[in-house]
Amino acid sequence: MALLELSHVETYYGDSHILFDLSLTVEAGEVVCLLGRNGAGKTTTVRTIIGLTPPHTGRVILRGRDVAGFAPFRVVRLGIGFVPEDRRIFPNLTVHENLEVARRTWGNGRAGPWTEDRVFELFPILRERARQLGGTLSGGEQQMLTIARTLMGNPEVLLLDEPSEGLAPLVVETLRQQLGRLKASGLTMVLAEQNVRFVSELGDRVYIVEKGMVRYQDSMATFLADPEVRRAYLAV
Amino acid sequence: MSGLSVGMFLFLVSVGMSLIFGVTRIVNLAHGSFYMVGAYLMVTLVEVLPDRPWAFWVALLLAPLGVAMLGGVIEIGLLRLIYRRDPLMQLILTFGLILVIGTLVLLAWGPDNKSVPRPAALAGSVRVFGQPFPSYYVLVLGLAPLVALALWLVFYRTRWGMLIRAATVDREMLGALGVNVAALYTQVFVFGSALAGLGGALAAPTVAVALGMDGDVLTTAFVVVVIGGLGSFAGSFISALLVGLLQSFGILVFPAVSIVLLFAIMAVVLIVRPWGLLGRPEQ
């Protein structure tokens with residue numbers, strides 16, 4: 001049984017129909033990449049999973065349980081972590097406080113591996129910035145804080161929406177290595193991205209989303225070996 | 001000095017109002033009614049409790065608790081239904097609450113003004129700079145910095161305070177991090193109601209407890225919150241003291257225009273800093 005599955009999902013933003021009969025599966029321990037152009041439906045897919053934009057029809061199945069229509073905080077407490085595209089750190093809270101509000105307080109004490117110390121090991125720069133207000137961090141530091149903050153909830157599946165967007169090349173490379181370490185730790189991830197180079201080593205499988213539909217799915221190796229696919233769906 | 005005391009009552013009411021607005025985005029017009037209920041509960045509690053020195057202090061504790069319960073019932077029973085609705089609907093609902101609570105208070109306590117005796121230990125007066133000054137006001141003034149400090153500690157040194165400050169900026173994100181924001185709304189509303197109740201209970205021995213005190217305090221607290229900046233804790237404190245002093249001195253110096261003066265200052269603040277003295281501009 002897949003850890004996470006979307007089954008025939010149809011999602012609307014108000015009156016506009018965004019996702020059409022979208023299905024995908026995520027197995028425990030794998031990194032699944034959602035690729036597609038701007039406006040293809042990647043963000044909506046991620047928001048559908050976490051419950052911020054619940055699907056109109058279709059199911060979001062986490063460990064065999066349909067969580068479609070659950071409030072986001074319940075979905076989070078069942079084990080899904082969400083790293084939003086626009087970072088959305090709390091600018092008026094310090095780095096330490098940003099982490100603290102996201103700390104896992106639910107579940108009968110079965111806290112996972114992630115503590116403030118552990119996330120500081122992964123992102124050492126945040127330790128130096130611990131007493132600084134979130135709003136004073138650079139873009140790259142904010143991106144790291146967003147990921148660190150979500151890890152504090154000890155998710156089983158981490159959803160990342162365009163983590164490399166708007167970052168300097170050097171920062172993107174650092175982030176890629178950090179996500180690589182997360183993958184090595186066994187964390188399951190869903191990575192929505194436009195930047196194929198960023199995910200080519202991280203990802204195990206690829207879904208290409210276009211106009212709210214899955215147009216292609218295969219292993220990362222097969223996808224990389226087929227430049228035609230990339231040209232058809234991703235080239236600008 | 002009495003101006004500072006009035007400022008203290010105003011601070012308690014307006015910081016609760018500002019807190020509720022900051023987190024839930026509801027402008028709670030019934031906040032003045034909570035203050036009034038706090039004062040009326042004080043009347044009854046002081047009557048009912050045995051005539052002992054501790055009775056006053058127990059009443060001072062129980063009255064805000066009663067108002068907190070009222071706030072909880074209102075939040076869970078009514079406000080939850082309208083968070084996602086038009087702000088106008090929210091104003092209409094909380095305005096309706098003013099009328100409902102006012103009527104219920106009239107039914108329960110009758111139309112006559114009530115008064116609360118000051119506790120025996122604080123019934124006299126002390127001399128401050130050669131002027132007689134009611135001892136009770138000394139208590140109020142002593143309590144003010146303590147309450148402000150306690151609130152500061154809650155907001156800046158507890159996880160609950162962090163959640164509140166985070167919620168004022170981005171509620172949706174907070175929910176997406178596993179925080180039960182609906183429960184936080186209730187807690188904040190109950191806490192804000194208790195602060196208004198405490199303000200009313202503390203003020204009861206210094207004023208005539210009467211129907212209509214809800215409207216008076218609401219108007220002034222509203223000015224305080226707007227001047228200080230909606231959602232700003234320090235802003236409410238400074239602006240409450242300012243407004244309290246202004247009201248007392250205004251009535252002495254130029255009685256005819258003291259109310260106008262209040263609104264004139266609010267207008268100036270709104271023109272120069274629309275987000276208030278210590279508030280943050282909306283992004």
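In chain A, six strands form an open sheet with mixed pairing, in the order E6-E7-E8-E3-E9-E10; strands are DSSP runs of at least two E residues, helices runs of at least four H or I residues, both numbered from the N terminus, and two strands pair if DSSP finds at least two bridges between them. Strand E6 (80-83) and strand E10 (213-219) of chain A stand at the edges with a single partner strand each, so one side of each has no neighbour in the sheet. Within the sheet, strand E3 (residues 31-35) and strand E8 (residues 188-193) of chain A pair in the parallel sense over 5 bridges. One residue of this pairing is Cys33(A), whose bridge partner in E8(A) is Leu191(A).

This is a predicted model, in which local features need pLDDT of at least 70, side-chain atom pairs count only at pLDDT 80 or more, and totals for chains, interfaces and linings use all residues. Residues are numbered from 1 along each chain as its sequence is written, while chains are lettered from A and ligands numbered from 1 in the order in which they are written. The mean pLDDT (the predictor's confidence in each residue, from 0 to 100) of chain A is 93, and 97% of its residues reach 70 or more.

Chain B touches chain A: 17 residues of chain B are in contact (C-beta atoms, placed from the backbone, within 7 Å) with 22 residues of chain A. Helix H6 (159-169) and helix H7 (171-175) of chain B each supply at least two residues of the side that touches chain A. H6(B) gives the most, with 6 residues.

How values were computed
Contact = placed C-beta atoms within 7 Å.
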